Amino acid sequence: MKKFFAKAYIWLLLTLLYAPILIILIFSFTEAKVLGNWTGFTFNLYTSLFSGGVSNSLIKAIENTLTIGIIASIFSTILGTVAAVGIYNMRGFRKKTILLLNDIPMLNPDIITGISLFILFIAVGITQGYVTVLLAHISFCTPYVVLSIMPKLKQMNPNTYEAALDLGATPFQAFRKVIVPQIRPGIVLGFILSFTLSIDDFAVTLFTKGNQGLDTLSTFIYADARKGGLTPELRPLMSVIFIVVLALLVVINLISKRNEKTIGHNS
Amino acid sequence: MNKRSSWALPYFIFLLIFVALPLVLIAIYAFTDADGGFTFANFVRFAQEEETINTFVYSIEIALITTALCLLLGYPAAWILSNSEFNRSKVVVMLFILPMWINMLIRTLATVALFDFLRLPQAQGALIFGMVYNFLPFMIYPIYNTLNKMDKSYSEAAQDLGANPVQVFTKVTVPLSMPGISSGVMMVFMPTISTFAVAELLTMNKVKLFGTTIQENINNGMWNYGAALALIMLIIIAITSLYTDEKENAESSGGGLI
């Protein structure tokens, strides 16, 4: 009996947790303007979403989200990988300082990160737009790259790098041919994490996008919702995002599971 | 070996410019007026503006209620998850963690959709439900993690020594899961106190939270006042994180999601 209640409780919570998402999913297959009205099953919203039947600004916002996500995660991954190797070789006070600074963007609430960067760009006098959003995204993604790579570096045998140098490799060659292959799973995990965080971000983007009309998906949805009522096309879009995030999560999990296994193997 | 530590230099400079400097700038802006002169006026204004103070207190109340509800609902869930057959396949555990990764706005709008669908009014009740809905996974995950790692022989020992189930729970399980509870409290309290869009969308702008006040001031060009308010929020958050003294950061454990 106790077991039954425990189980029922878990399933009740899950139902509540997923009810809103399910409703969006279900109503992405009907065309009604107002959510909750069922006017028959149709794929029309999906076809109009993918065939450009929706407004230009939505297409532009999707493009921005994707390009910012890709560029920011490439830069974060490079910056974070090089930094992680450096930090791994640091000792004492300097290491503590940089790791503390690295923690700040992860612990700070979004709104504080957003406002602080906004004030930075104002103080320096940079017009805010695409580039400032990119810089902001790199600043909150890179710490996660560093943290995904550090454990892999700790597992690595440091002598292999020295051996490569002794055998005549330049430091860059040794990095590319010896270190990178060994920490690759960490790099991939860092890249995917960065991309997920970037396309997911709302608050930081809102503060750093300036007033030149730049929008990412999040800020577009926000503006749209504030005008009252969602554009019906956003329902299939949200469903697609949900499925994509789901897929990315499965990939992240598989990678980190594999990482864990190799950790267990080495120790 | 030492030469390679200089590889971190570019990132160190990047962190100084984009992480440390912006935070220093918030403090500087908070203590200056529009012309750059030193002043306490921004804080005096905050103390005298009744509406802002009310919003501030109200936001703390909402954050506390949300955190308490999340703990009340989340702890039993985490406990059941770590103790039952759910724990073996991990699929159900994963289902609880998944929503953490879905855009907060999308989740909020989905809640709005649910309220629309059920024809419920969008008022304070909606706000609290929406917040709990949004942040519950952040409470369950760290508590589940500590409970899962906990050595079960402690509670068995307590049982053998004559403790009844209630005593085992209050004297052994809860104290041992404190690290999880405190990081869960942090992970819920921090975003709820600092949220702005969530409240706006859930209540159709009927209820205003402190985050919205800050955002409005920044948007209207009152950067110094906005910075002062942001600094106040930052201090509140710093105080709570000192209290909860996060021993275990769920995210830095690095072991993936489950």
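Colleague: Let's start in the middle: how many residues does the largest nonpolar core have?
Modeller: A nonpolar core is a set of buried Ala, Val, Leu, Ile, Met, Phe, Trp, Tyr and Cys residues joined through C-beta atoms within 7 Å. Buried is set by 20 or more other C-beta atoms within 10 Å of a residue's own, exposed by 12 or fewer, and partly exposed lies in between, with C-beta atoms placed from the backbone. Those with the most contacts inside the core include A:Ile115, A:Ile119, B:Ile26 and B:Ala227. The number of residues in this largest core is 139.

Colleague: Which helix gives this core its largest share?
Modeller: Helices here are DSSP runs (H or I, at least four residues; strands are E, at least two), numbered from the N terminus. The largest share is 14 residues. They come from chain B, residues 124-149, which is helix 7.

Colleague: What kind of model is this?
Modeller: Residues are numbered from 1 along each chain as its sequence is written, while chains are lettered from A and ligands numbered from 1 in the order in which they are written. Local features need pLDDT of at least 70, side-chain atom pairs count only at pLDDT 80 or more, and totals for chains, interfaces and linings use all residues, since this is a predicted model.

Colleague: Which residue of chain A does B:Ala227 touch?
Modeller: Two residues touch, or are in contact, if their C-beta atoms, placed from the backbone, lie within 7 Å. Leaving out residues up to four places away in sequence, B:Ala227 touches B:Ile26, B:Tyr29 and B:Ala30 in chain B. In chain A, B:Ala227 touches A:Ile119.

Colleague: How many residues does chain B bring to the contact with chain A?
Modeller: Chain A gives 62 residues to this contact. Its side has 48 nonpolar, eleven polar and three charged residues (Ala, Val, Leu, Ile, Met, Phe, Trp, Tyr, Cys and Pro are nonpolar; Asp, Glu, Lys and Arg charged; the others, Gly among them, polar). For chain B, the number of residues is 71.

Colleague: How many residues of helix 12 of chain B are buried?
Modeller: This helix covers residues 210-219 and is mostly covered. Among the buried ones are B:Phe210, B:Ile214 and B:Ile218. Of the ten residues of helix 12, the buried ones number eight.
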